[in-house]
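Student: Could we go through this model together, setting each value against the definition behind it?

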Amino acid sequence: MRLLAALVVLTLAAAATVFYAGVYDVSATDEHLAPTYWLLDTAMRRSVQQRAEQISVPDLGQPGQVRRGNALYRQHCVQCHGAPGVAPERFALGMTPAPANLAYTGRAWSPAEVFWVVKEGLKMTGMPAWKYRMVDEDIWAIVSFVRELPKLSPEEYRAKSPGREAAAEPPVSAAPDAERGKRAISQYTCVTCHAIPGIVGANAPVGPPLKRIGTRGFIAGILPNTPDNMVRWIRHPQAVNPKSAMPDLGVTERDARDIAAYLSTLR
Amino acid sequence: MLGGDAEHGRLLLRQFGCGACHRIAGVADAQGNVGPPLDGVAQRVYLGGMLPNSPENMARWIRAPKTFDPQTAMPTLGVGEEHARDMVAYLYTLR
């Protein structure tokens, strides 16, 4: 028993040294040790496989769907993942882990797995969740195109540019959903500027803290705090105050309603 | 900060009724929730959501908020320059 206690203390001390004393190198230029990479990669693959099992896959591969996926891929994916004969943008080259080459993913991963990763994103990899920015149908279109990627020569990829197509705006739900709004908050980087009770993250003091925002008199010191005004402010702050430092984050009507519903619970 | 007297500033924040709208740590009856809480305001990047925070800008904002943002709900309370400096000295202790 005493030995066990000593071991626990030693392990904690070692962990404290590595993490708290700053021994662990978090730089993107410091590659993972092979066992660390294996551990993280395996955990990620298994996690994705588990969750993708629940997803029912629609018909994939119709020409219209692939063309739409192609257009969306060029607007939102190629910047980090590259394409046949196309390098990722410079910023993406410095990422750790390096964004996957999807010509291989298109063959090696099942459509449900690719769908899940695009929709939910991957923590600590730089892969964002598209859930709040794309409807399922558009994500399936991208999956459809990713499955075609390994079959495309660089020349064909270049030739098949379909031009721009905007991602579809998700429908507004009947009643605002505070719980969904809470999840949406972390998907619009709100905590990089605001301290928000209930949301884990930087909680940085760039803008005011949102503690008790549900009962605050004014939004941004200007708008009387009503649900509609909150939605208006969240979606287009500059339309209310052109001088505001708060950027327009492209928040959809539905997400803004749900976020406002969550904020109104902070009393 | 700006040569102001922080303790005097704390008293002035009460005298000018700042607490009716703002929560201010260390000022007992400052529990308002009309404008944003001033907890940690020394670290805040923007004042009024648009003015980069510095002691000088904070003093100007306190004295004449509408010159920076005509729409702001914050009134001009007739705070003199010296009083504003004292208030800033106190608010800058809120980290």
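This is a predicted model: local features need pLDDT of at least 70, side-chain atom pairs count only at pLDDT 80 or more; totals for chains, interfaces and linings use all residues.

Tutor: Residues are numbered from 1 along each chain as its sequence is written, while chains are lettered from A and ligands numbered from 1 in the order in which they are written.

Student: Which order do the elements of chain B follow from the N terminus?

Tutor: Chain B has four helices and two strands, in the order α-β-β-α-α-α, where helices (H or I, at least four residues) and strands (E, at least two) are DSSP runs.

Student: What makes chain B as compact as a globular protein of that length?

Tutor: Its radius of gyration, taken over C-alpha atoms, is 12 Å, close to the 12 Å that the globule rule gives for 95 residues, so chain B counts as that compact; the rule is 2.2 Å times the number of residues to the power 0.38.

Student: Why is H1(B) called roughly perpendicular to H4(B)?

Tutor: Helix H1 (residues 6-15) of chain B and helix H4 (residues 81-91) of chain B pack at about 105 degrees, their axes 7 Å apart. Angles of 65 to 115 degrees count as roughly perpendicular (under 35 roughly parallel, over 145 roughly antiparallel, the rest oblique), and therefore H1(B) is roughly perpendicular to H4(B).

Student: Which residues of H1(B) make the contact?

Tutor: They are B:Ala6, B:His8, B:Gly9, B:Arg10, B:Leu12 and B:Leu13, with contact meaning C-beta atoms, placed from the backbone, within 7 Å.

Conventions
Axes are lines fitted to C-alpha atoms, for helices over the stretch in contact, and angles run from 0 to 180 degrees between N-to-C directions. Two residues are in contact if their C-beta atoms, placed from the backbone, lie within 7 Å.
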